[in-house]
Amino acid sequence: MVKGLKISTLCFFILLLSVILSKVSFTKTLKLITVVKSREISSYGTALKGFEDKLKEGGLKFLTYEYNLQENLKVEEIIKGIKLRKSDLILTFGSSATQIVKVVK
């Protein structure tokens, strides 16, 4: 039952991204997308790939830089890296990653 719930959640997430991206009009090419993951699990990787595929379908060129909180990086290092890169978009997977990125302005 938990596996079915995860798959349903992932499908919903990809569908939601498809709808959002179809409604958004990009005026410039995204240069850098920073991805912060709470941990490395296959559903996050699948969702990220779906997101990147949709951007490519729209003709956008981009670079992706990823942080994984399980890689023993200090929170301060992650925040500093995000601020220095001045990403066009920050995408988070997991509540821990989202909490960390909330402090980035």
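**Reading a parallel sheet in a predicted model**

User: In this predicted model, in which sense do strand 1 and strand 3 pair, and over how many bridges?

Analyst: Strands of a sheet pair through backbone hydrogen bonds, and the pairing can be either parallel or antiparallel. Here strand 1 and strand 3 (residues 89-93) pair in the parallel sense over 5 bridges, and Leu89 in strand 3 is the bridge partner of Ile33.

User: Which residue in strand 2 is the bridge partner of Leu32?

Analyst: The bridge partner of Leu32 in strand 2 is Leu63, and strand 1 pairs with strand 2 (residues 63-68) in the parallel sense over 6 bridges.

User: What is the order of the strands in the open sheet, and which are the edge strands?

Analyst: The open sheet has 3 strands in the order 2-1-3, with parallel pairing; strand 2 and strand 3 are the edge strands, each pairing on one side only. From one strand to the next, the twist averages 20°.

User: Are the residues on the two faces of strand 1 buried or exposed?

Analyst: A residue counts as buried when its relative accessible area is under 20%. On one side of strand 1 Leu32, Thr34 and Val36 are buried, and on the other Ile33, Val35 and Lys37 are buried as well, so that both faces are covered. Because 6 of the 6 residues of strand 1 (residues 32-37) are buried, the strand is largely enclosed by the rest of the structure.

User: Where does helix 3 lie relative to the strands?

Analyst: Helix 3 (residues 75-85) lies across strand 1, strand 2 and strand 3, and runs at about 170° to strand 2.

Key. Residues are numbered from 1 along each chain as its sequence is written. This is a predicted model: local features need pLDDT of at least 70, side-chain atom pairs count only at pLDDT 80 or more; totals for chains, interfaces and linings use all residues. Side-chain values use heavy atoms; hydrogens and water are left out. Buried means under 20% relative accessible area, exposed over 50%, partly exposed in between (1.4 Å probe, protein chains only). Helices (H or I, at least four residues) and strands (E, at least two) are DSSP runs, numbered from the N terminus. Two strands pair if DSSP finds at least two bridges between them. Axes are lines fitted to C-alpha atoms, for helices over the stretch in contact, and angles run from 0 to 180 degrees between N-to-C directions. Contact means heavy atoms within 4.5 Å.
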